[in-house]
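Please open the model in a viewer and keep the selection panel at hand. The stops below proceed one selection at a time.

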Amino acid sequence: GLRKAQTVIFNPSWTPPDSPWVANMKNATPGERIEPGSKDNPLGPIKIPIGLPSLIHGGKSPARIGKFASHGCVGLTTAQVKDFAALLMQAANNQVSQSDIDQYLADKTKTKSVKLDKVIPVELRYETIVLEDGKLHIYRDVYAQHTNTEENLRRVLEAQGGRLEDLSPE
């Protein structure tokens, strides 16, 4: 779907929603504010609201990327969300340097919101076959959308100038 990013929030707090999945959490109660920097705060160092109830946020371990582990958000690793936030601010013409970002993140208990100078459209796509940096990643189709097909694999490879027949076992 097409969403909009208007703000980047550094060191966000988290308020667990009144949802059944929160009841299964050990250290969260619906409506109770979880402080920025808390080990119980799953949002990580940055959250980017993209229209309720969805967020793009950090805090995911690399092992959980591509797994069925979301309740409507786009979860990224800390490195990924830092890179994405910098790209968003650059695309919005915000004059924010890497040292500014590092300063915002330095005190994990202090929340800093940066309003983007212009609204940035964000397109969310469900892709389970991805070619990045010359490596092919095929993730589990957790939403059962039948995306892991030979036809989709060929389409991804061809979009990058490759062919299925050219793949090596490595």
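Select P49 to begin: this residue is partly exposed, with a relative accessible area of 27%, where buried means under 20% relative accessible area, exposed over 50%, and partly exposed in between (1.4 Å probe, protein chains only). P49 belongs to strand 2; helices (H or I, at least four residues) and strands (E, at least two) are DSSP runs, numbered from the N terminus. The model is predicted: local features need pLDDT of at least 70, side-chain atom pairs count only at pLDDT 80 or more, and totals for chains, interfaces and linings use all residues. Residues are numbered from 1 along each chain as its sequence is written, and side-chain values use heavy atoms, with hydrogens and water left out.

Display next the surroundings of P49. Leaving aside neighbours within four places in sequence, P49 is in contact (heavy atoms within 4.5 Å) with K4, A5, Q6, T7, I9, S54 and L55. P12 is 37 residues away from P49 along the chain, and the C-alpha atoms of the two are separated by 11 Å.

Eight bridges join strand 1 and strand 5 in the antiparallel sense; select R3 to find its bridge partner in strand 5, V122.

Of its 20 residues, A5, V8, F10, I46, I48, M89 and L116 touch the most other members. The elements giving two or more residues to this core include helix 2 (78–91) and strand 5 (112–123). A second, separate core of six residues includes A28, I34, L43 and L55.

Finish at N41, in the loop between helix 1 (20–23) and strand 2. Is N41 buried or exposed? N41 is buried, with a relative accessible area of 9%. A polar atom of its side chain lies 2.9 Å from the backbone nitrogen of L43.

Technical notes: Core = buried A, V, L, I, M, F, W, Y, C linked by side-chain atoms within 4.5 Å. Pairing = 2+ DSSP bridges. Polar contact = N/O pair within 3.5 Å; in protein donor to acceptor, adjacent residues only side chain to side chain.
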